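Work through the exercises below with the model open in your viewer. Try each task before reading its solution.

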Amino acid sequence: MKASMLNFQSLREANSKIFLIEGDDPYWCDHAVNFFINLVPNENRSFNLNILDEPSDFRDILNAVEFFSFFSGNHVIIVKNISISESKSAKKEETPPKTKSKKKTKVKEKNSDIIEAAIDGAGDKYLVFLNTTGLSANIKKKMTIIDAKKSDPFELRTIISNNFSKIGGIEASAINTLITYTVCNMAKISTEMSKLEAYCEGRQVTLADVELLVSDTEENQMYDFTGAITSGNKSKALKILDKFITAGVSYIYILVSLTNQFRRMYYVKISDKSDDQLVNIFSVKQFAIYKARELAKNYSAQTLSRNLFALTETESNIKSGLMTEKAAFERIISILLSS
């Protein structure tokens, strides 16, 4: 079950009340945790809500499960940041005596046994694990997995569209721009959606609304600039370029950024590597690779290769003093817009 698409009713009606929140997106992790916290009324939380953050003794989890509350209603136990593994000090011992080795193995199994006992004894209590490592496959089978990883642009389009569907709707171009301006950051998207809702007061959200209210970043403007160039939209490219120059961004900075983007575009075009592999190779965010794939569709591999060569040659001409920054930059922009 995907946290970004949480169906709260299905969670309430799930056969199992044991959940594991997996993922690296703080927004979706918090979103899922808050769902379970809100199952307990404020007045009952002192007794019916137990949050164990990095418990030093796994028996605390079992004790929380076995605790009897006099208050009726949902009882929720949330366990954060645990690792079912050997202690660091034990791992450092490369050749421990056999007796110690057996004892060490027993401790590890005991932690796992305690977790399993807590799961089996939870009954009608909600038992939720977050940021937990070392769980065996057998234990995971007893859990409902909530996927809280970062959403990709395709998922975000659905989330944003659904958010505005009952309050006037939102233009497709506005959705795409909102995703671009926030660099796929769901926490930022949530904040900006609230601003747009308040501003539009029930009418459809337009591209103009997003451009007016949502703050853009230099990085996002660079994506727009490259997009205008790859689509041959000279007027838009020059308009964005004028913004850069007015803001004091140097020609060489823009040139280096363009070179990096065209380099990524070329490699996604010719490489069979996955997005995750390319993220590691280029040391960029996943969104940068997504944009590279999107923009590379406008070119053949041969054209990208020629453009990349022209960009690197322009950098060299500037650094060697053969051309001024302004003259070299105007020349390369002309070449890119005509390719």
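This is a predicted model: local features need pLDDT of at least 70, side-chain atom pairs count only at pLDDT 80 or more; totals for chains, interfaces and linings use all residues.

**Exercise 1. Classify the ring pair Phe19 and Phe36, and state which parts of the chain it ties together.**

Solution. 
- Start with the count: the model holds 13 aromatic pairs.
- Take the pair Phe19 and Phe36: the centres are 4.9 Å apart, and the planes make an angle of 50°.
- Now place the residues. Phe19 sits in strand E1 (residues 18-22), and Phe36 in helix H2 (residues 26-37), so the pair links parts 17 residues apart in sequence.
- Check the cover. Phe19 has 0% relative accessibility, so Phe19 is buried. Phe36 also has 0% and is buried.
- Widen the view: one aromatic cluster is formed by Phe19, Phe35, Phe36 and Tyr126.

**Exercise 2. Classify the ring pair Phe68 and Phe70, and decide whether these residues are buried or exposed.**

Solution. 
- The centres of Phe68 and Phe70 lie 5.4 Å apart, with 80° between the planes.
- An angle over 60 degrees counts as edge-to-face, so this is the class of Phe68 and Phe70.
- Both Phe68 and Phe70 are exposed.

**Exercise 3. Which residues form the nonpolar surface patch with Phe47, and how exposed is Phe47?**

Solution. 
- The patch consists of Phe47, Phe67, Phe68, Phe70 and Phe71.
- Together they have about 620 Å² of accessible area.
- Locate Phe47: helix H3 (residues 45-48) contains it.
- The relative accessible area of Phe47 is 43%, so Phe47 is partly exposed.

**Exercise 4. Where around helix H4 do its buried residues Ile61, Leu62, Ala64 and Val65 lie?**

Solution. 
- Helix H4 spans residues 59-66, and Ile61, Leu62, Ala64 and Val65 are buried in it.
- These residues cover an arc of only 160° around the axis, so they lie on the same side of H4.

**Exercise 5. Compare sequence and space for Asp276 and Ile289: how many residues apart, and what C-alpha to C-alpha distance?**

Solution. 
- Find Asp276 in helix H15 (residues 275-282).
- With a relative accessible area of 49%, Asp276 is partly exposed.
- Asp276 and Ile289 are separated by 13 residues in sequence.
- In space, the C-alpha to C-alpha distance between Asp276 and Ile289 is 8.9 Å.

How values were computed:
Residues are numbered from 1 along each chain as its sequence is written. Side-chain values use heavy atoms; hydrogens and water are left out. Rings of Phe, Tyr and Trp (its six-membered ring) pair if their centres lie within 6.5 Å; planes under 30 degrees apart count as stacked, over 60 as edge-to-face and the rest as tilted. Helices (H or I, at least four residues) and strands (E, at least two) are DSSP runs, numbered from the N terminus. Buried means under 20% relative accessible area, exposed over 50%, partly exposed in between (1.4 Å probe, protein chains only). Patches are made of residues with over 30% relative accessible area and no salt bridge: like charges are joined within 9 Å, nonpolar side chains (Val, Leu, Ile, Met, Phe, Trp, Tyr) within 5 Å. Accessible areas come from the Shrake-Rupley method with a 1.4 Å probe; for residues, only the protein chains shown count as cover. A salt bridge is a side-chain nitrogen of Lys or Arg within 4 Å of a carboxyl oxygen of Asp or Glu. The arc is that of the directions from the helix axis to the C-beta atoms.
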